[in-house]
Amino acid sequence: MANKEDRSTHYKEGSLTLAGTVMLGTGVMIGAGIFALTGQMAQMTGVLFPLAFLAAAVIVSFSAYSYIKISNAYPSAGGIGMYLHKAYGDRLPTGFNTLLMYFSMVIAQSFLARTFGSYTMQLFGGDKTGMMVPILGVSLILAAFMINLSGNRLIQGVASFIGVLKIVGILAIGVVGGWIADSISVDFTSPGEAGTFSNFLGATALGILAFKGFTTITNSGSEVKDPKRNVGRAIVISIAACVVIYSLVGFAVASNLSLAEIIKTQDYSLAAAARPALGEYGVWFTVAIAMMATAGGILASIFAVSRMLAMLTEMKLVPHRHFGMPGSIQKHTLVYTVILGLILTAFFDLSRIAALGILFYLIMDIAIHWGVLRYLREDIKANRWVPATAILLDLLALGGFVWVKLNTDPFVIGVAVITMIVIAVAEQIFLKRSAEFHQHH
């Protein structure tokens with residue numbers, strides 16, 4: 001009976017090392033970024049896509065400042081949920097923006113799962129029926145769910161092992177691809193119609209999606225050894241590693257494929273770039289690395305996002321029902337996260353999944369920086385100009401991305417707006433009822 005009634009979260013302080021934390025962060029970042037976004041960014045901004053990756057890195061570097069300063073002051077397994085609560089309290093901005101982050105992270109899981117399916121099917125000549133990519137993606141999420149049920153030690157061990165293999169593998173792809181190519185230079189002088197400023201900003205926004213996995217580190221919070229020191233260090237190391245890897249591989253892809261080929265193979269462009277450089281063996285190697293990278297990314301993402309939702313539940317900012325399930329709240333939020341990820345993986349394609357993810361993330365990111373400027377700056381000893389610059393850069397990227405999507409795929413903008421309205425209204429109703437309940441009792 002005691003076990004049945006134990007609904008509290010169970011965080012193990014000091015159970016994650018610095019290296020393990022870095023691997024969890026890079027697991028999400030590298031898995032989502034270089035494998036599936038390269039083609040989408042090339043479609044949006046032409047040959048300028050390697051520069052869009054670098055522009056995204058600049059924006060994320062400014063953004064990381066706020067997260068590092070808050071995590072140093074308030075390390076928490078709730079991560080972003082706790083950060084927003086520190087700034088806005090038990091109010092709508094906290095619940096709304098944290099749920100945006102939650103959904104963007106679940107969307108990232110689906111993005112990874114679809115990427116896993118797209119690359120895996122290259123071993124079999126592609127997915128001609130259109131059914132195998134979602135089936136493989138769903139299977140991967142279920143496997144990651146089972147590992148997450150096993151506890152931090154196994155999660156960290158598997159993520160670290162996969163992380164080392166994929167980083168070495170991706171670096172090998174970039175180095176060998178650049179070495180075999182006639183030149184790693186890319187002609188940026190004639191970007192064509194796609195090279196407009198708004199298109200470049202839109203591609204930069206997509207590039208941010210390749211780096212935003214650093215925020216999963218904040219959700220490890222108090223579970224990290226010496227969190228006031230190591231959470232910030234893990235964020236910096238993860239971003240720096242990804243800048244090097246994305247730059248190297250981006251230029252290698254651009255050197256081995258024409259722009260038309262990159263766009264045509266956008267869901268598996270890295271594998272396509274390996275074929276002219278290394279032949280079929282290169283494709284097999286790239287697919288193997290992609291499978292490991294996306295698998296590690298999903299493992300790390302599920303680990304982080306379920307903990308954030310559990311913390312929100314403990315803070316009474318979101319409703320919770322256990323539906324008769326045994327175990328802690330943490331286990332329940334893990335189940336909810338996986339189910340939502342399965343639905344998105346089964347019914348949404350890669351480009352729309354990515355669009356929803358970046359829209360939700362950028363709005364939440366702006367709220368974090370505004371919270372620092374308006375409410376937390378003196379408490380965490382933050383410089384005013386850094387978060388202010390981060391807000392400006394986020395708004396530029398968001399505006400460019402929305403403009404491009406309004407002209408190419410307005411449906412996804414409509415879905416995003418309707419979803420945000422539903423989240424805001426539902427959250428406001430919940431907070432109002434919760435306040436009335438506490439007043440009554």
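The model is a predicted one, so local features need pLDDT of at least 70 and side-chain atom pairs count only at pLDDT 80 or more, while totals for chains, interfaces and linings use all residues. Residues are numbered from 1 along each chain as its sequence is written, and side-chain values use heavy atoms, with hydrogens and water left out.

The protein chain has 16 helices and 0 strands (DSSP runs numbered from the N terminus: H or I with at least four residues for helices, E with at least two for strands). Of its 441 residues, 58% are buried (under 20% relative accessible area, with exposed meaning over 50% and partly exposed in between; 1.4 Å probe, protein chains only). Looking at contacts (heavy atoms within 4.5 Å) between residues at least 6 apart in sequence, 83% join residues at least 24 apart. The accessible surface is about 17700 Å², and carbon and sulfur atoms hold 66% of that (Shrake-Rupley method, 1.4 Å probe; for residues, only the protein chains shown count as cover).

Now for the inside. Helix H4 (residues 80–88) is largely enclosed by the rest of the structure, because 7 of its 9 residues are buried. Those are Ile80, Gly81, Met82, Tyr83, Leu84, Ala87 and Tyr88. Glycine 89 comes after H4 and has a positive phi, near 70°. In helix H2 (residues 18–45) sits glutamine 40, which is buried at a relative accessible area of 5%. Leaving out residues up to four places away in sequence, glutamine 40 touches Phe111, Leu206, Gln266, Leu350, Ser351 and Ala354. Isoleucine 423 belongs to helix H16 (residues 410–440) and counts as buried, at 8% relative accessibility. Leucine 99 is 324 residues away from isoleucine 423 in sequence, yet the C-alpha to C-alpha distance is 7.6 Å.

Phenylalanine 124 is in the loop between helix H5 (92–120) and helix H6 (132–148) and is exposed at 59%. Lysine 381, in the loop between helix H14 (350–380) and helix H15 (385–408), is exposed too, at 67%. Its phi is positive, near 60°, in a residue other than glycine.

As for aromatics, ring pairs number 6 (Phe, Tyr and Trp, the last by its six-membered ring, with centres within 6.5 Å; planes under 30 degrees apart are stacked, over 60 edge-to-face, the rest tilted). The rings of tyrosine 67 and phenylalanine 214 have centres 5.3 Å apart and planes at 90°, so the pair is edge-to-face. Tyrosine 67 lies in helix H3 (residues 49–73) and phenylalanine 214 in the loop between helix H8 (197–211) and helix H9 (215–218), so the pair ties together parts 147 residues apart in sequence. Tyrosine 67 is buried at 0%, and phenylalanine 214 is buried at 0%. Phe53, Phe211 and Tyr246 form one aromatic cluster.
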